[in-house]
Amino acid sequence: MQVFRCSVTLAAPLTTVFSFFSNARNLELLTPPWLRFKVLTEGEIPMSRGRQIDYRLRLRGLPLRWRSEITAWEPPHRFVDEQVIGPYRTWIHEHRFEVEERPGRGPVVVASDEVHYEAPGGALVNRLLVAPDLKRIFRYRTARLRERFGASRT
């Protein structure tokens, strides 16, 4: 099992940041265009534990379907989505949102991601393909979040 972690410090209120993440359609805004990511689930998508959401994307030119399930829902501090159908043997993505007080700057929100995953093809495929792709994807995501909510200097 591999673990990927990243975080970004945002200059926005916790309720604003969590509300953004509570809308599954916003994932399209945070995903790089080269993945051609699209939420397939129709209509409103009220988030709660047990909610399943369908997506499609293209990874390295291959069309993929993905279904995730929200397995933990603890607003406004945490939620977890797990792959039900998709390209990984295992994909468990925990999102955390914590308020930190910065001296002279006031409160900021630290949005953290921790992904436990098992790539098909094992360690070699992970090292050569999957891990570099995850870094690129989350760099893009971090940049979009900073644009939307402002970055807070430490």
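**Figure 1. Pairing of strand 1 with strand 7 in the predicted model.** Strand 1 (residues 2–10) and strand 7 (residues 106–118) run antiparallel and are joined by nine bridges. Within this pairing, Gln2 has Tyr117 of strand 7 as its bridge partner. Strand 1 also contains Leu10, which counts as buried because its relative accessibility is 0%. The C-alpha atoms of Leu10 and His95 lie 14 Å apart in space, with a separation of 85 residues in sequence.

**Figure 2. The hairpin of strand 6 and strand 7.** Strand 7 is also joined to strand 6 by 13 bridges, and the two strands run antiparallel. Glu100 stands opposite Val108 of strand 7. Three residues separate the two strands of the hairpin, and Gly104, located in the turn, has a positive phi of about 75°.

Figure 3. With a relative accessibility of 5%, below the 20% limit, His93 is classed as buried. Its side chain forms a polar contact of 2.6 Å with the side chain of Asp113. A further polar contact, at 3.5 Å, links the side chains of His93 and His95. In a regular strand, side chains alternate between the two faces of the sheet. Beyond its neighbours within four places in sequence, His93 is in contact with Phe79, Val80 and Asp81, with Asp113, Glu114 and Val115, and with Phe138 and Arg141.

**Figure 4. The cis peptide bond between Pro75 and Pro76.** The bond from Pro75 to Pro76 is cis, with omega near -5°. Pro76 is located in the loop that connects strand 4 (62–74) and strand 5 (78–85). Most peptide bonds are trans, and most residues other than glycine have a negative phi.

**Figure 5. Arg36, a non-glycine residue with positive phi.** The phi angle of Arg36 is about 50°. Arg36 occupies the loop between helix 2 (27–30) and strand 2 (38–39). Because its relative accessible area is 56%, over the 50% limit, Arg36 is classed as exposed.

**Figure 6. Arg60, a residue other than glycine with positive phi.** For Arg60, phi is near 55°. Arg60 is found in the loop between strand 3 (52–59) and strand 4. The relative accessible area of Arg60 is 52%, and this residue is therefore exposed.

Definitions and conventions
Residues numbered from 1 in each chain as written. Predicted model: local features only at pLDDT ≥ 70, side-chain atom pairs only at ≥ 80, totals over all residues. Heavy atoms only, no water. Buried < 20%, exposed > 50% of the residue type's maximum accessible area, 1.4 Å probe, protein only. Polar contact = N/O pair within 3.5 Å; in protein donor to acceptor, adjacent residues only side chain to side chain. Contact = heavy atoms within 4.5 Å. Pairing = 2+ DSSP bridges. Helix = DSSP H or I, 4+ residues; strand = E, 2+ residues; numbered from the N terminus.
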